[in-house]
Each structure stands twice: as C-alpha cells, then as structure tokens.
Amino acid sequence: MYRQFLNVKLVQLLESSNCLQKHIGLLRLQYPVVKECGLWHKHPTKHFTLSHKMFESEEDSFTPDGWVNLWAKGLIGFHFKIVHPVIKEFHSWLLDGKTNQRIFLPLCGKSRDMPWLAEQGHQVVGLDCVEKAAKDFFEENRIQFTVSEIPGIDGGKLYKSSDGKINFYVCDFFKITSDIIGQFDAVWDMRGLFAIPGYEEKIKYVDQLKPLIKSGGRMLLDLAEPKLKIGETTPDWVKSLYELDVEKMFAWCSSIELAKTYDYENVKNYLMEDAINSEELAAFRHGCYGIVYKLIN
C-alpha cells in the first residue's frame with residue numbers, strides 16, 4: 001500500500017515538473033533574461049552580447065546596417081568554414097530523397113553549404129542583406145557570376161552563377177516576396193531565425209517565411225542555445241527558443257520534431273577566425289548548444 005502511495009506521488013511530481021517546464025517556456029517569451037537557478041530579471045547584462053564590442057552602437061546591432069559593419073570589420077567568427085555537418089546529416093530528409101529541388105537559405109552569409117547543395121543537383125537560393133557576403137562567396141568559391149537589380153526592391157541586387165545553379169539575393173529579408181523569389185521545396189535555416197533580434201521580430205520573420213514554402217515543403221531549423229551557469233544571465237537577443245516556442249511560432253506546420261542537439265565546443269574548430277579578437281564571439285564558440293528541428297509545411 002505504501003509503495004503504491006509513493007508511485008502515485010511520483011507520477012504527480014513528474015506531471016507537475018512537466019507543467020512547470022511549459023510555464024518556464026512561456027515566461028521566457030515575456031522576460032528577456034533568466035537565471036538557471038529560476039530567478040527572473042528584466043534587466044539584461046552584457047553576457048553573450050555580441051554588440052558590446054562588434055558594433056559602433058548597440059542600436060545598430062542585428063539590423064542590416066549592423067551586419068554590414070560586422071562584415072566590414074571581419075567579425076564573422078560565427079561562420080562555418082566547411083559544409084555544416086547538420087546539413088550533411090539531414091540532407092536526404094530535407095530534400096525527401098529527391099534531386100533538382102529548390103532550396104532556400106535565408107540570411108546565408110557566404111555559407112559553404114550553397115555550392116555543396118548545388119553539387120547534389122539542387123537549385124540553390126541564398127539571401128543576405130550584406131553585399132560583401134555575396135561578393136566573397138562567389139570570389140572565394142571561384143564561381144563565375146552576373147549581377148542585376150532585383151525588380152521591386154530599391155537597392156536590391158541579384159548575384160547569379162553563370163551555370164544558373166545558385167542565385168544570391170542581396171536585400172532586406174522583410175522586403176522579399178514569393179512573387180520576387182518564388183516558392184521552395186525546402187528551407188535550410190542555419191541560425192537565420194536566431195539572428196533576428198526580439199521575439200516579435202522573430203514572429204515576423206517566420207510569417208515572412210511561410211508563403212515561401214510549398215505545401216508539403218520541408219525545413220531544417222538550426223538554433224543556438226546559450227549554456228547558463230547559476231548566477232549568469234542571457235540578454236534578450238540570444239533568448240532561448242525551446243520546443244514550446246518553436247511549436248507556437250510554426251503552428252502552421254503539420255509536423256515539428258526536435259532532431260538533434262550538439263555542443264559548439266565540439267565544432268569550434270570548424271568556425272572561421274575573426275579579423276580581430278572578440279571575447280563575445282569566443283564566448284559564443286565555447287558557450288552554446290546547437291538545437292536542430294525538422295519541420296514540414
């Protein structure tokens with residue numbers, strides 16, 4: 001009888017724990033900073049704040065102008081210098097085992113994943129607000145290209161490989177539409193959503209992405225989750241996106257699955273070096289987990 005009583009109490013405790021975790025997920029949406037010990041605060045610190053040293057002013061951080069400044073300073077230590085291991089691992093799932101699929105890489109930088117995906121037989125489209133990223137991408141990969149204006153977007157440019165396999169749009173992501181860029185069979189979002197500041201802006205990003213994905217299209221979403229120690233805090237821009245948050249943002253998807261987690265400590269040697277020393281990027285290299293989701297529209 002006593003054992004049965006304990007079993008009942010254990011089940012109740014587990015249920016309470018699961019409920020608490022969901023409430024924590026909701027609270028993280030409302031408050032920018034959290035301590036691992038469970039104490040909540042509204043005032044962020046500089047911990048993990050890239051803008052502290054990478055930008056001339058914090059107001060410019062993670063805006064198009066802020067990213068342009070970051071690239072101009074050579075602070076791109078967040079970039080992988082090899083094909084990302086995640087896209088290699090989940091490539092077959094993302095493209096549903098098919099070839100000649102249209103795949104979109106939002107906020108792509110000069111990702112090595114684009115030529116690799118083109119080599120796999122796909123039509124690759126990247127987008128970034130920094131023109132230097134496009135120039136560096138084609139020059140470093142020794143790909144012949146042409147440049148033209150993007151109709152309907154002032155100042156927007158389209159870099160296109162001579163073989164037509166890779167299109168690189170240089171413009172504000174929030175100005176792109178399916179009429180301009182078309183729809184896609186697959187999306188590889190490698191920290192694009194993560195790079196958008198603020199929860200409301202992230203919602204807008206997802207809403208902007210939705211009409212670009214075909215019905216039944218697939219998406220691979222890679223986020224970064226900071227490691228927290230008791231007493232340390234996380235600023236708003238790096239706020240966690242737990243499974244509860246992803247399910248809320250992508251409620252229009254028919255399937256959402258947590259596919260993989262990994263430690264940046266194990267992939268830090270694959271990241272590019274910065275032009276100058278950055279304590280914040282060093283913290284990013286050693287202090288984050290990667291969290292990967294598989295989604296189907």
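This report describes selected side-chain contacts, charged pairs and aromatic pairs in a predicted model.

Ser 111 is located in the loop that runs between strand E3 (102-106) and helix H5 (113-119). Its relative accessibility is 9%, and because the cut-off for a buried residue is under 20%, Ser 111 counts as buried.

The side chain of Ser 111 reaches the backbone nitrogen of Asp 113 at 3.0 Å. Leaving aside residues up to four places away in sequence, Ser 111 touches His 79, Leu 105 and Phe 137. Phe 137 also belongs to an aromatic cluster, in which ring pairs link Phe 137 with Phe 138, Phe 145, Tyr 159 and Phe 168.

## Helix H4 and the residue after it

Helix H4 spans residues 85-94, and within this helix Val 86, Ile 87, Phe 90, His 91, Trp 93 and Leu 94 are buried. These residues cover an arc of only 170 degrees around the axis, which puts them on the same side of H4. In general, an α-helix has 3.6 residues a turn, so residues three or four places apart point the same way.

Just after H4, Asp 96 takes a positive phi of about 55 degrees. Asp 96 is partly exposed, with a relative accessible area of 41%. The residue also takes part in a salt bridge, described in the next section.

## Salt bridges

Side chains of opposite charge can pair when their charged atoms come close. The structure holds nine salt bridges. One of them joins Lys 157 and Glu 131, with an N to O distance of 3.1 Å. Lys 157 lies in strand E6 (residues 157-161) and Glu 131 in helix H6 (residues 131-140), so this pair ties together parts that are 26 residues apart in sequence. Both partners are partly exposed: the relative accessible area is 32% for Lys 157 and 22% for Glu 131.

Glu 201 is partly exposed at 30% relative accessible area, and Lys 204 is partly exposed at 47%. Elsewhere, salt bridges that share partners join Asp 96, Lys 98 and Arg 218 into one network. Lys 98 counts as partly exposed, at 45% relative accessibility.

## Aromatic pairs

Counting ring pairs whose centres lie within 6.5 Å, the model has 10 aromatic pairs. Among them, Phe 173 and Phe 174 form an edge-to-face pair, with 5.6 Å from centre to centre and 80 degrees between the planes. Phe 173 is buried, with a relative accessible area of 4%, whereas Phe 174 is partly exposed at 32%.

The rings of Phe 250 and Trp 252 have centres 5.7 Å apart and planes at 50 degrees, so this pair is tilted. Phe 250 and Trp 252 are both buried.

How values were computed: Residues are numbered from 1 along each chain as its sequence is written. This is a predicted model: local features need pLDDT of at least 70, side-chain atom pairs count only at pLDDT 80 or more; totals for chains, interfaces and linings use all residues. Side-chain values use heavy atoms; hydrogens and water are left out. Helices (H or I, at least four residues) and strands (E, at least two) are DSSP runs, numbered from the N terminus. Buried means under 20% relative accessible area, exposed over 50%, partly exposed in between (1.4 Å probe, protein chains only). A polar contact is a pair of N or O atoms within 3.5 Å; within protein, one must be able to donate a hydrogen and the other to accept it, and residues adjacent in sequence count only if both atoms are side-chain atoms. Contact means heavy atoms within 4.5 Å. A salt bridge is a side-chain nitrogen of Lys or Arg within 4 Å of a carboxyl oxygen of Asp or Glu. The arc is that of the directions from the helix axis to the C-beta atoms. Rings of Phe, Tyr and Trp (its six-membered ring) pair if their centres lie within 6.5 Å; planes under 30 degrees apart count as stacked, over 60 as edge-to-face and the rest as tilted.
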